[in-house]
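Thanks for asking me to look this one over.

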Amino acid sequence: MSDTVKIYIDDKEYDVPAGMNLVDAAKMAAGNDIPVFCYHPKMEPVGMCRMCLVEMGGIQKDRATGEVLLDDKGNPQIRWFPKLQTACTTKVSDGLVIRTNTQQVEQARENVVEFLLTSHPLDCPICDKGGECPLQNLTMEHGHGSTRMVFSDKLKLDKHVPLGDLIFLDEERCIQCARCIRFQDEVVGDDVLAFHERGRNLQIITNSDPGFDSYFSGNTSDICPVGALTTADFRFGARPWELTEVPSICPHDAAGSNISLSVRLDRDAGGRTIIKRVMPRQNEYVNEIWISDKTRFGHHFTRDEQSRLLCPQVRRGGNVNETEWKTALDVVAEALKAADGNVAALAGSSLSNEDLWELRQVVTGLGGERLGVWPPTHAGADLVAQVGVGQGTNLGDLGKGDAVLIVASDLEEEVPVWRLRVKQAHDRGALLVVMNGRPTRMDDFANVVIHYDYSKAAGAFDLLQKQHKDVAKQLQDAANLVVIAGAEGVDLAGSRALMQDAANFLMKSGHVGKPNNGLLATLPGANGMGQYYLGFTPEATQDIIANPPKALIVAQADLLFDDPAAVSWLKQVETIIQLTLFAEEPVPGVMAALPIQSFAERDGSFVNGERRVQRFYTAQGPLGQALPAWQVLGRLNEQLGAGRAKLSASLVMNDIAKNVPAFAGMSYKALAHVEPQFPEVGGDNVYYGGTAYRNKGGLGVQIPAAADNGGAVEAGKADAPKALKVSGGQLLVVPAARLYNRERVFRSSELVHPRVPDAYVEINAADAQKLGIENGDMVNVNADGTALKVRAHVNGAAPQGAVILPRHLSNTPVPLAITVGEISKA
């Protein structure tokens with residue numbers, strides 16, 4: 001069977017992929033934009049709006065011979081349908097003929113638009129969608145010049161209906177295309193929206209508690225073809241034509257979602273340029289055209305003058321005083337020289353590659369060697385560099401015959417965009433296996449769910465291959481296999497063993513060194529892989545904690561909020577230099593606190609979990625005297641006599657490319673390269689793909705894994721640590737991730753605060769009964785020197801013998817890794 005078929009659009013012949021949707025085929029092959037409202041290229045067609053009606057027929061063939069039948073003039077005979085057909089519900093086949101520009105088609109489109117406008121409000125001048133509205137555009141192209149509707153017959157409905165805390169519905173504007181409902185059901189798998197009533201009274205409702213309970217709700221406002229759905233933070237905030245779009249990268253997780261920062265000069269910000277909204281930017285390899293709500297609504301820290309550190313601070317005597325940059329750098333340089341080479345650094349997981357390179361230059365230039373990552377929870381980035389997903393990988397290509405294994409990760413809470421794409425791979429027919437010590441959201445989509453004892457989490461693959469041999473064989477026999485490994489329920493040594501087992505499993509089954517095969521890790525932050533390539537490791541962090549240096553540089557790492565033991569080991573460090581975004585609670589004994597810029601205030605680059613190097617651009621001016629971290633460190637290096645500081649982030653990247661093999665040949669120009677993507681979104685016809693933005697900032701460059709291009713890799717030994725000993729009256733305490741939390745970078749996003757739960761601990765019903773604890777009781781948790789008072793959730797989410805303790809829900813840190821502890825009723 002041929003991969004392509006011949007179709008005819010407006011009397012012209014085109015070769016298109018067999019079975020392709022007709023709307024997509026017309027757009028791709030002929031540049032013919034068949035207008036749509038309900039159809040979206042990322043969802044199944046439903047033919048609800050009838051805007052895509054076309055004249056349709058087929059070339060007739062002799063049933064016996066298969067030859068094309070010709071008319072008297074020698075032209076193919078066409079059998080036309082008696083009525084117009086919906087293009088969006090038609091898949092192309094050989095000999096398909098359509099006409100999109102006849103009077104009958106134009107009249108049908110005009111009728112549809114007129115019908116939609118019968119009760120649509122004329123509030124374009126104040127509508128957030130005005131200027132990028134599909135209905136507005138198609139009305140100008142196909143609508144009547146005047147209305148025949150009697151004004152008094154217009155339906156009056158509510159204009160400000162909260163579907164949840166983040167999304168508002170204008171019932172009068174809704175044209176009942178069901179894009180939002182279908183997106184939540186088909187794409188996300190959170191069936192939280194529905195239609196209510198019938199006819200002209202038909203309206204969108206939310207059927208979840210809390211309302212619109214989904215991590216992807218903001219995407220519905222992007223694909224809404226009218227201004228019916230608006231986000232709470234942008235509603236009446238600006239007009240689309242006033243905004244400048246700046247390409248950027250999500251700073252929150254390993255997916256590296258491509259985003260567009262919509263900025264403008266703002267009166268409320270004193271006439272400065274600020275971010276008014278965050279929109280998805282198309283990258284079909286990374287996040288397609290979707291982003292999570294944390295990505296969309298988690299940007300407010302970039303302009304929070306109340307929490308940000310605005311100028312350098314230096315400790316003199318017992319007081320910390322503000323000072324100028326020159327003085328601060330002089331003090332820091334002298335203090336570092338006095339350490340006699342006993343210098344180390346801890347780098348936060350959202351520092352850019354440029355920041356990490358300059359930090360490395362400072363430490364090694366002084367004679368130090370220890371470069372640690374923060375938080376030190378996930379090992380195995382080196383294994384991702386060896387057998388990570390092959391070059392050209394696109395999770396959107398996974399389907400029937402392929403497999404995905406998720407182990408030791410609550411993927412929705414850790415990397416929500418990966419969760420979204422893996423769920424869709426499962427919908428296309430891929431085998432999805434989930435292994436964890438407790439139920440997670442991904443269990444709802446999995447073909448196979450394996451729950452293990454947390455005490456044996458590091459040996460999950462041993463369990464898989466000995467007790468679930470049939471599942472292991474299905475994974476090994478898959479055409480393509482991707483393993484996504486987290487670190488829930490393991491310490492660093494356990495994480496190393498788990499990652500090594502995952503790598504060995506992939507190597508043994510031949511699923512390395514090719515696209516859509518290999519290993520992914522849910523590394524914290526946006527640049528976990530960048531940390532590895534530039535020489536920073538969690539093992540170095542462990543050594544720093546065990547043997548504190550004389551001088552320690554802490555760069556964008558929140559030690560006190562993450563580690564309950566941090567205060568005790570930091571007391572052993574003589575000199576602490578802190579590069580930080582925030583002014584609150586500096587590290588005790590810090591000699592200097594230096595203000596650095598957020599991702600929105602500077603240029604830079606991250607390496608995402610798929611090893612794709614992607615750049616972000618300056619979107620708004622700096623707060624106070626803050627500088628890019630790479631510039632602070634470059635000037636510090638100059639102060640230490642190591643040569644002139646680089647003048648731009650692009651020059652730092654050039655330096656990296658010359659000295660770090662993984663970045664060889666890279667430059668900001670290379671990272672900015674773009675190419676056409678399908679489906680085509682972000683053009684003039686926003687009715688087709690919504691208001692996700694076309695990628696003009698670069699698709700990035702993927703670093704080859706060692707196994708790519710036939711590179712030799714060898715299996716390693718996985719040394720699982722001994723299981724923790726649990727004494728009488730104790731339980732395993734398992735730290736867990738929550739997407740919405742109280743980390744400093746998320747605290748300023750007050751809009752999302754109602755979705756951040758109070759601190760709690762999940763307790764198994766049997767354990768709770770023994771301890772006399774009921775659901776909702778306040779309990780004390782004592783583990784690893786941590787004492788917390790939290791609310792008990794007794795709801796079946798924790799296995800017997802273990803409690804689940806989410807991180808970052810209060811100001812008191814929880815243990816970095818699995819440990820043992822005691823629970824008692826408060």
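**Notes on the predicted model**

1. Strand β20, which covers residues 431-436, pairs with β21 in the parallel sense, and 4 bridges join them. Please keep in mind throughout that this is a predicted model.

2. Now for the sheet around that pair. Its 5 strands run in the order β21-β20-β19-β22-β23, the sheet is open, and the pairing is parallel. The edge positions belong to β21 (448-451) and β23 (518-521); each has a single partner strand, so one side of each is left without a neighbour in the sheet. From one strand to the next, the twist averages 15 degrees.

3. A helix belongs in this picture too. Helix α14, residues 492-508, packs on the sheet and touches β19 (403-407), β22 (481-485) and β23. Between the direction of α14 and that of β23 the angle is about 160 degrees.

4. There is also an open sheet of 3 strands, ordered β27-β28-β29, and here the pairing is antiparallel. Which strands stand at its edges? They are β27 (604-607) and β29 (701-702), each with a single partner strand, so one side of each has no neighbour in the sheet. β27 pairs with strand β28 (residues 612-616) over 4 bridges in the antiparallel sense, and within these strands glycine 604 stands opposite phenylalanine 616 in β28. Helix α8 (residues 353-365) packs on this sheet, where it touches β27 and β28. The direction of α8 makes about 95 degrees with that of β27.

5. Stepping back to the whole chain, I find 24 helices and 35 strands in the protein chain. Along the principal axes, its C-alpha atoms fill a box of roughly 95 × 65 × 60 Å. For 826 residues, a compact globule would have a radius of gyration near 28 Å, and the 29 Å of the protein chain agrees with that.

6. On to the pockets. The largest pocket has a volume of about 900 Å³. Its lining is made by 27 residues, and those nearest the centre are Pro41, Lys42, Met43, Glu44 and Arg428. Both α4 (179-188) and α11 (416-427) supply at least two residues of this lining, with α11 giving the most, at 3 residues. Sorted by class, the lining of the largest pocket holds 9 nonpolar, 7 polar and 11 charged residues.

7. The second largest pocket comes to about 770 Å³. Among the 27 residues lining it, Tyr215, Glu412, Glu413, Arg738 and Tyr760 are the closest to its centre. At least two lining residues each come from α10 (411-414), β31 (760-763) and β34 (802-806). By class, there are 12 nonpolar, 4 polar and 11 charged residues in the lining of the second largest pocket.

8. Two or more lining residues come from each of α5 (219-223), β11 (229-231), β14 (272-280) and α6 (293-297). How many residues of each class line the second largest cavity? The count is 5 nonpolar, 4 polar and 8 charged.

9. Finally, some backbone details to check by eye. Most peptide bonds are trans, and most residues other than glycine have a negative phi. The bond from aspartate 209 to proline 210 is cis, with omega near 5 degrees, and proline 210 lies in the loop between β10 (203-206) and α5. The bond from tryptophan 374 to proline 375 is also cis, with omega near 0 degrees; proline 375 is in the loop between β18 (370-374) and α9 (381-387).

10. One more residue goes with that list. Phenylalanine 236 has a phi near 60 degrees, which is a positive value in a residue other than glycine. You will find phenylalanine 236 in the loop between β11 and β12 (244-249).

Key:
Residues numbered from 1 in each chain as written. Predicted model: local features only at pLDDT ≥ 70, side-chain atom pairs only at ≥ 80, totals over all residues. Heavy atoms only, no water. Nonpolar A, V, L, I, M, F, W, Y, C, P; charged D, E, K, R; others polar. Pairing = 2+ DSSP bridges. Axes fitted to C-alpha atoms, helices over the stretch in contact; angles between N-to-C directions. Contact = heavy atoms within 4.5 Å. Rg over C-alpha atoms; globule rule 2.2 N^0.38 Å. 1 Å grid on protein atoms, 1.4 Å probe; cavity = no way out; pocket = protein on both sides within 12 Å on 5 of 7 lines; lining within 4 Å. Points joined across faces, edges and corners; volume = space filled by probe spheres on them.
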